[in-house]
Every structure is written in structure tokens, then in C-alpha cells.
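Q: Could you take a close look at one helix for me, and walk me through how it starts, what it packs against and who its neighbours are?

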Amino acid sequence: MKDDSKEKDQSKSQSSLVDKIQQLGQSNVPQPADSNIHVLPIIGQVEGHVQLPSQNKTTKYEHLIPQLIAIEQNPKIEGLVVLLNTVGGDVEAGLAISEMISSLSKPTVSIVLGGGHSIGVPIAVSADYSFIVETATMTIHPIRMTGLVIGVPQTFEYMDKMQDRVISFVTRHSNVAEEKFKELMFDKGNLTRDIGTNVVGQQAVDHGLIDAVGGVKEAMSKLNELIEQTKGSDQQVVQ
């Protein structure tokens, strides 16, 4: 009986090892320690009300919204890091995620890693403090509409109002002026097949979109600083 149980344990460990190799390409997966900081990745395309094809790498807003509520309610979580490498996606879903991040009572920091394009811009600036790595890019362009478009003035007015929502959010949560952001959004000649601007690393900081150039180390340091400030202010209120 003991031999049988040993064989079963060995077969289970071998199968789990094979699963790790198949999924992650490695046998030893580092386990995160218990932390007071939650990491929220936003990668690929932000999926809205329409389900994207299975081959697309997507971030589903219906998965993120319950996570953000849980982060707000969990007393063990004291801060949030948002990792962005996104091409953009659904405007309303992206704005919903942005509004939720900005309305959290806990300190938040965002890092733009590969790209924070299109609707990724509002998500990036929604945090209390934002970072961008030197090689990351952010594409700022007018909103687009896919599917059936009715050629009437009301369609343009609807798109114009939706665009104003994006512009308003970005300018309220960053240091970029509204005129400058519109200039970047409607610039011609910067993008080969589109209207808009592509900013890289330090350029995003110079324009006032992002707070600083930095990566994981800088983001974690800043978040811990914000957490300590929050704890200090809470203690003063209690006293």
C-alpha cells in the first residue's frame, strides 16, 4: 500500500512538472510571498461588450471590476500596482476601469511597460502616480468606431462627446494641458497611417502625461512611500 501511494505521489509531481513546463517553459516557478500590494496586469486588448476572437490576447473588464472591488474591501491589501502593456480597446470599458482605479481609497501606482496605447492612456494616468519605462510607447489618437455607422450628424456628435470624455479624464488625472493633449491627438504626419502622436518614454513625461520615467523598482518604492503617507494621515485622524 505504501509503494502504491509513493507511486501516486511521484506521478502527481511529474504531471504537475510537465504542466509547468508546457505552460511556462520552466520547471521551478517562483512563489510570491505574502504581500500587502496587489499587482493588476492590463495586457493585450481591453475587451468590452463584444467578445474578441480566441487568438487575441485580451483583458476582460468584467474580470477586472470585481478584482478592484475586492482590493478596496480587503484590509490586507494596502496598495495597488497596475502593469500596462496594452494596444487599447473598448473605450467605455477602458474608461470604466480608469474611473474605478482613480476612485480607490488605497494608494495606486501604474507602470507603462511595452505600450499604453489608445484607451490605455486614461488607465495609465488613473493611478495616484504613474511611471513609464524608457522604451515604452503611448499612442494618442482620436477614437474610432467599428461596425455599422449611420451617416448622420448625430453619429458625429456622439463620437465627439465620447472623445470629450476621454480628453476630460486624461487632463483631470495628469499634468497635460487640454490644448496640448488635443494637439497630440489630432496631429497629422506623426503616424504613417493615422492621425495622432506616438510618444516614447521621456516624451510622455515631458508632455505631462506620465509623472516619471521608471520601472518596477521605482514604482514599488513610490507605492511604499504613498502607503506610509496614508498610514500617517490615518493615525493623525484617529488621534
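A: First, a term we'll need: a polar contact is a pair of N or O atoms within 3.5 Å, where, within protein, one must be able to donate a hydrogen and the other to accept it. Keep in mind that this is a predicted model. With that in hand, look at the start of α3: a side-chain oxygen of Asp-90 comes to within 3.1 Å of the backbone nitrogen of Glu-92.

From there, α3 runs through residues 91–102, so to speak a 12-residue helix, and its first and last C-alpha atoms are 16 Å apart, close to the 16 Å expected at 1.5 Å a residue.

Now for the inside. The buried residues of α3 are Val-91, Ala-93, Gly-94, Leu-95, Ile-97, Ser-98, Met-100 and Ile-101. They pack against β1 (37–47), α2 (61–73), β3 (79–89), β4 (108–116), α4 (120–125) and α5 (153–172).

Zoom in on Ser-98, which sits in α3. Its relative accessible area is 0%, so Ser-98 counts as buried. Beyond its neighbours within four places in sequence, Ser-98 touches Pro-122, Ile-123, Ser-126 and Phe-169.

As for the shape of α5, its 20 residues should span 28 Å at 1.5 Å a residue, and its end C-alpha atoms are 28 Å apart, which agrees.

Conventions
Residues are numbered from 1 along each chain as its sequence is written. This is a predicted model: local features need pLDDT of at least 70, side-chain atom pairs count only at pLDDT 80 or more; totals for chains, interfaces and linings use all residues. Side-chain values use heavy atoms; hydrogens and water are left out. Helices (H or I, at least four residues) and strands (E, at least two) are DSSP runs, numbered from the N terminus. The expected span of a helix is 1.5 Å times one less than its number of residues. Buried means under 20% relative accessible area, exposed over 50%, partly exposed in between (1.4 Å probe, protein chains only). Contact means heavy atoms within 4.5 Å.
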